[in-house]
Structure formats: structure tokens, C-alpha cells
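Hi,

Here is the structure I promised to hand over. My notes on it follow below.

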Amino acid sequence: MRKFSSPEILASPQEQYRQGQEAMQAAAKTAEQIWLAPNHALHVTTSATQTANLLALTLTRVASLRNRPLRVLTTSHEHLGGLGALKRMREFELIYLSEDEMRDLTAFRSRVIKSMPDIGFFSHVTYDCGQALPVSDWAAVIKSCCPEALVLADISQSLGLLQPPFEHTDFLFSSGHKWLFGPRGSGLVWTSERFRKEVEALHWSGDSLATGTKNPGFNLSGGMDFSVFAGLDSALKLHQKAGEEKIRGRGIQLKNFFRQCLSSTLQKHDIHCDFIPAGTDPTKEVGILTALFEDVDPFPLYLAMNKLKLHCKCIKDSDQNGKPRQILRFGFPYYETRDRLEGALVMLDRYLHKNFSNRNQFPQRSDSESNRPISEPPVWSQLQTPII
């Protein structure tokens, strides 16, 4: 990426565009080698949030042509960066699946028949709980009941860990900086022919940066930081070298190790939480750990951890029924080590001992569920796999 900042290139706009085009096409070629999608076109784009904004604006045109709001079937586990624009625009009517409808395909079908959605919008892996959703199965049901509907998949939390749910879906989008560990501001999009025909374009200038490619209205255009494409291509090549299966497996091992240690550390200081299960299908598990705090506010702990440079995400919101949620979510890159995680936990233990020994911020839960044992065996008792 630094090569794009050399004086020679910065002094030549034409050379900037030429090398930018080459880097974009190289990234697209690498991505196509990793993820085979014969029924979808691949586009190198910007971050998932900006792509979602463009998508929402384009879909408002579809709503205008139909002269009514578009019905969007979705879940209460969507990231605001993906669903937020659809949620805030009057051209869309959001319909939320219940937890029962998410768990049972028959109940899901009943909801689809009752709602007759124009759009299905689902995360492949939820940002809050780290659980994989059966997006392709849901898409098949929607297509069978509403053939004209479009199914959109936010794969930001799964791309690089799980194969994208291409089957029956029309639009899949992801940032490149999450589990691909590429530069911020990069992203990938896959579109079906049906989607391209329906919405016509995302970039309406019609002038694609990648000259000579198909579907110019879905490719980036204009001047931008071209070094991002070189960074994305490098990240994709590293991902290809490491191997998706090893990357996912390593993240799961680190997650299980950290879960056991974090549980012991919190219990030592009378801080109680429940770890949200990853799901019933081990082939869809990823390296995301979610701790749910029902009776305490984890935000002070979150702030303290950030000051110690122990970074996680704090989620404080409510579900569609108004029930509040307080979550700490941890992600485990495959290049992390146990030594670093153990060091982080030692720092956390010292901080809690010094600042929260009186538990003013973390009142003890009274129910017996708080000390629920962890069912799986500790990861250190299992055979380990090298990172690469």
C-alpha cells in the first residue's frame, strides 16, 4: 500500500488510475479463486456500511416504481450499519422474525406466507451473538413463496470464516477489514443476474474504474485511495495461503480457551454472566464469544478494558419487544496466541482486584443459574493445531 504514496505515483494522476485498476482487478481475481460463485458477479467495493447505504438508496427507486413501501423481512440481530438505512427510510416496512420463527423452518414459512416480503435481509453470522443463520434455507423458502423477492445477505461477520451462502441469495456484501484483516474502506459484493436486472445499478455514473468489465453500474468509479485495493489483494492472498478451515479452527480454539479462563476470572470477583451458545452445528461455529450480563452493567468494565488495551465490543440495546440486552463480544483472530490472551486476563484480574473488589458496579446475581457449568471440555486438554 505504501508504494501508492511514492512521489512518482502521486505526481502522475494517470499512473495512479492505471495502477489502481490493476490492483482492483488483482483483488477481484484472488477473491474469485477463493470463493467460487458461478451464478453471481463479484465486485470490489467499499466498506459494508457504505455499500448498505448505496443499496438502500437504490432500493428506494424500486419502491417508487411500485408506488408503495417495500416489505423487508429481517431479524432483531442485524447490525445498524447494514439494516439502519432501511430502518430509517419510509420507503421500507420492516417485519421482524420472532425467535421461534428463526429456529423453526415451518414457522419461518408461515411468517413468509403471512407477510409476503419484497426483500429478505439477513446476516450470515450475527454481529451480536456470533451465531450462523440458515440464510440459504430461508432464501429458498422466500423464493418459493415470493418469486419476485430479493434476498440480501450481510456476510461481514462470516466472510473469511465460512463459505458465503450463495444459494438462492441475490446480494451479498462484506467489509474487507473484519475477518479478512484487510484495509478499512474495502469490501466485496456478489450480485445475482436477477438483482442486477431489478435494481439496474449501485453506482449510477455508469463509468467503472475497472475498464472493460461487465456490469459497470455495480463497480466503483472515480478517484479514491487506490492503495486500498492493493492492501485488499494482499490480505486475500494471505487468507488463501493460511486456509479458511485453519483460520476458523484456530479462532474457535482460542475462543474456547479464553472462555474458560474469563469465566474463572469473573467468578473469582463475583461477576456473573451467561455465554451465549454458538449454535447446534459445529461446522458453522466461529471465533466469536458473547457474554450476556442480565443484572449488571458491563460498560464500566468495557471502558476499563479499553484503557488496558484489551479490546472488545460492548452492545447495549433492546430487542423488538423492548427487552434490554447488555453484551460484551470478543473476537479471536487466528494470528492471536494463548500467551497474549493469558497476559490480557492477568491484566484484567489485577484491575478487577484493585477497582471492583467491593462489586459496586457489578452486583451479585441471586439465582442459581449464574454458576452454570461449561459443558465442553477445556481446549487445553485437546490436541492442538498449529496456526499455519
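**Helix packing and the sheet**

Helix H2 (residues 13–34) packs against helix H9 (residues 227–242) at about 25°, with the axes 8 Å apart. Helices here are DSSP runs of H or I with at least four residues, strands are E runs of at least two, and both are numbered from the N terminus. Axes are lines fitted to C-alpha atoms, for helices over the stretch in contact, and angles run from 0 to 180 degrees between N-to-C directions. H2 is therefore roughly parallel to H9 (angles under 35 degrees count as such).

This is a predicted model: local features need pLDDT of at least 70, side-chain atom pairs count only at pLDDT 80 or more, and totals for chains, interfaces and linings use all residues. Residues are numbered from 1 along each chain as its sequence is written, and side-chain values use heavy atoms, with hydrogens and water left out.

On the H2 side, the contact residues include Gly-20, Ala-23 and Met-24; on the H9 side, they include Phe-229, Ala-230 and Leu-232. Contact means heavy atoms within 4.5 Å.

Now the sheet. It is open, with seven strands in the order S1-S7-S6-S5-S4-S2-S3 and mixed pairing. Two strands pair if DSSP finds at least two bridges between them. Strand S1 (40–45) and strand S3 (92–96) are the edges, each pairing on one side only. Neighbouring strands are turned by 20° against each other on average, direction ignored.

Strands S6 (residues 171–175) and S7 (residues 187–192) run antiparallel, joined by five bridges. Ser-174 stands opposite Leu-188 in S7.

Best wishes

Terms used: Parallel < 35°, antiparallel > 145°, perpendicular 65-115°, else oblique.
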